[in-house]
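Trainee: I have a structure open and would like to go through it with you. Can we start with the aromatic rings?

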Amino acid sequence: GDQLVQSSQHFQLNIDLGAMLTVRYEDDSHTAVFGDLKMIWGIPNLSEPAPDITIVPNVKNKKINRTAFKVKEEGTKPCLIVEIAFPNYPFDDTAKVEIYQQAGIEEYIIIDPEYEETGFKVWGYRLIQGQYQPIKPDAEGRILSQTTDLYFMVVQEQDEANLKLADAKTKQPLLNQQQTNQ
């Protein structure tokens with residue numbers, strides 16, 4: 001009964017993002033990075049998706065194996081959720097916005113690697129007084145995640161657009177494990 005829900009590009013982007021964020025938080029014993037982990041909100045009638053990437057601060061033990069993240073039991077919730085849009089699953093920029101807003105997720109970033117002819121598009125929402133407001137890109141087109149102090153940006157390299165992350169304070173790009181070891 002398996003169905004195709006992702007492309008190879010979606011898969012690779014998810015791996016790259018997960019690797020960059022894992023490297024960033026590897027020395028932080030209380031911030032966890034999860035991928036495709038079901039969120040159990042503990043809120044009646046609220047859907048419980050498994051976001052592509054989830055960053056959770058104040059985790060008591062980030063190294064235990066989880067099959068789901070139970071917000072109430074853990075005593076903390078994600079500060080940032082990142083979804084990689086996919087045409088066969090169009091809910092990332094509609095239904096999930098409502099879900100994550102209701103769950104009280106401070107920031108939600110959506111990455112569309114197949115946006116029209118231009119390639120990547122990145123946009124996001126920040127929770128302000130219980131309602132999501134669009135995050136306005138800065139003058140360089142970057143989306144700032146205030147909860148992680150990271151810029152999400154589309155960079156044109158040769159003939160293609162690519163997603164890059166950078167530390168907002170140092171402006172240094174985030175590297176994945178493979179890039180770090182080179």
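Trainee: Which residues do ring pairs link into a cluster?
Mentor: Ring pairs link Trp 41, Tyr 100, Tyr 108, Tyr 125 and Tyr 132 into a cluster. Rings of Phe, Tyr and Trp (its six-membered ring) pair if their centres lie within 6.5 Å; planes under 30 degrees apart count as stacked, over 60 as edge-to-face and the rest as tilted. Keep in mind that this is a predicted model: local features need pLDDT of at least 70, side-chain atom pairs count only at pLDDT 80 or more, and totals for chains, interfaces and linings use all residues. Residues are numbered from 1 along each chain as its sequence is written, and side-chain values use heavy atoms, with hydrogens and water left out.

Trainee: How many aromatic pairs does a search of the whole structure find?
Mentor: The search finds 5 aromatic pairs. One of them is Phe 34 with Phe 69, which is tilted, at 5.6 Å centre to centre and 45° between the planes. Phe 34 lies in strand β1 and Phe 69 in strand β4, so the pair ties together parts that are 35 residues apart in sequence. Helices (H or I, at least four residues) and strands (E, at least two) are DSSP runs, numbered from the N terminus.

Trainee: Is Phe 69 buried or exposed?
Mentor: Phe 69 is buried, with a relative accessible area of 0%. Buried means under 20% relative accessible area, exposed over 50%, and partly exposed in between (1.4 Å probe, protein chains only). Phe 34 also counts as buried, at 12%.

Trainee: New topic. Where is Asp 52?
Mentor: Asp 52 is in the loop between β2 (38-40) and β3 (53-56). Asp 52 is buried yet has no salt bridge, meaning a side-chain nitrogen of Lys or Arg within 4 Å of a carboxyl oxygen of Asp or Glu.

Trainee: What is the nearest side chain of opposite charge?
Mentor: That is Lys 96, 6.0 Å away. A polar atom of the Asp 52 side chain lies 2.6 Å from the backbone nitrogen of Ile 84.

Trainee: And strands: how many bridges join β7 to β8?
Mentor: There are 4, and the two strands run antiparallel. Two strands pair if DSSP finds at least two bridges between them. Leu 127 has Tyr 132 in β8 as its bridge partner. In strand β7, 7 of the 10 residues are buried, so it is largely enclosed by the rest of the structure.

Trainee: What is the strand order in the open sheet of 3 strands?
Mentor: The order is β9-β10-β11, with antiparallel pairing. β9 and β11 stand at the edges, each with a single partner strand, so one side of each is left without a neighbour in the sheet.

Terms used. Lys, Arg positive; Asp, Glu negative; His and termini not counted. Polar contact = N/O pair within 3.5 Å; in protein donor to acceptor, adjacent residues only side chain to side chain.
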